[in-house]
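Let's take a friendly walk through this fold, starting with how helices cross and ending at the core.

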Amino acid sequence: MKRLLSVLAYIGIRILISSTSQEKAKYKNMIKDWLVAICLLFVLHYIMAFTMQITSSILEIFSKNTSIIGNNGQDVLMSAVRKNLGGDIGNLDFVDSFSQIVIYIALVIFTFMFIVQYLKRVVMLAFLTMIAPLITLTYPIDKIKDGQAQAFSMWIREYIFNALLPVMHMILYYMLVGSAWEFIDTGGN
């Protein structure tokens, strides 16, 4: 808030030292942008909370499907592969047991890759949350040059993208694994 007051003081000084009425009108528009920045400062955390709530609500809808996520919250695909792999492999021929091991190793590798991606996502969301007040500070200054707030636009785009990334992953996983389970249940017919 103190920094936004210093931006207001900067705008006031620029209005006082400007010589033409056109410049004064431009700086008076900056006062409107400053008021928008004040509103953004108070509303931005609601935007972030609303985005995260929408994301968790959508993920909740998909997690209720027991064909992909079991009743006890376990992934059906990983559980089935673990169950088949943990069974009596001695009765399987080499090709079947090798293929199950390769599938399990691939699923474990993808699981670790997704863990790394989601940790990067969490760090990015934390960083974007921390710089949110700075984005509101730069809003009126950024609009001086060309009338657009590129920093705010980029911040909101990045925040929403990173927040909705798990929804996109869940939809893709639901489509791919769900269709694979349907293919297995029908026997490939």
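A crossing is called left-handed if the near helix is turned anticlockwise from the far one by less than a right angle, and right-handed if clockwise. In this predicted model, local features need pLDDT of at least 70 and side-chain atom pairs count only at pLDDT 80 or more, while totals for chains, interfaces and linings use all residues. Residues are numbered from 1 along each chain as its sequence is written, and side-chain values use heavy atoms, with hydrogens and water left out.

The crossing of helix 2 and helix 5 is right-handed. Here is how the pair is arranged:

| Pair | Angle | Axis separation |
|---|---|---|
| Helix 2 (residues 21-63) and helix 5 (residues 132-146) | about 160 degrees | 8 Å |

That makes helix 2 roughly antiparallel to helix 5 (angles over 145 degrees count as such). On the helix 2 side, the contact (heavy atoms within 4.5 Å) includes Trp34, Leu40 and Met48, and they face a helix 5 set that includes Pro133, Tyr139 and Ile144. The residues of this contact divide into 13 nonpolar, one polar and three charged.

Among the 23 core residues, Leu4, Ile11, Trp34, Tyr139, Phe152, Trp155 and Tyr159 touch the most other members. Helix 2 gives the most to this core, with eight residues.

Of the chain's 189 residues, 26% count as buried.

Key: Axes are lines fitted to C-alpha atoms, for helices over the stretch in contact, and angles run from 0 to 180 degrees between N-to-C directions. Helices (H or I, at least four residues) and strands (E, at least two) are DSSP runs, numbered from the N terminus. Angles under 35 degrees count as roughly parallel, over 145 as roughly antiparallel, 65 to 115 as roughly perpendicular and the rest as oblique. Ala, Val, Leu, Ile, Met, Phe, Trp, Tyr, Cys and Pro count as nonpolar, Asp, Glu, Lys and Arg as charged, and the others, Gly among them, as polar. A nonpolar core is a set of buried Ala, Val, Leu, Ile, Met, Phe, Trp, Tyr and Cys residues joined through side-chain atoms within 4.5 Å. Buried means under 20% relative accessible area, exposed over 50%, partly exposed in between (1.4 Å probe, protein chains only).
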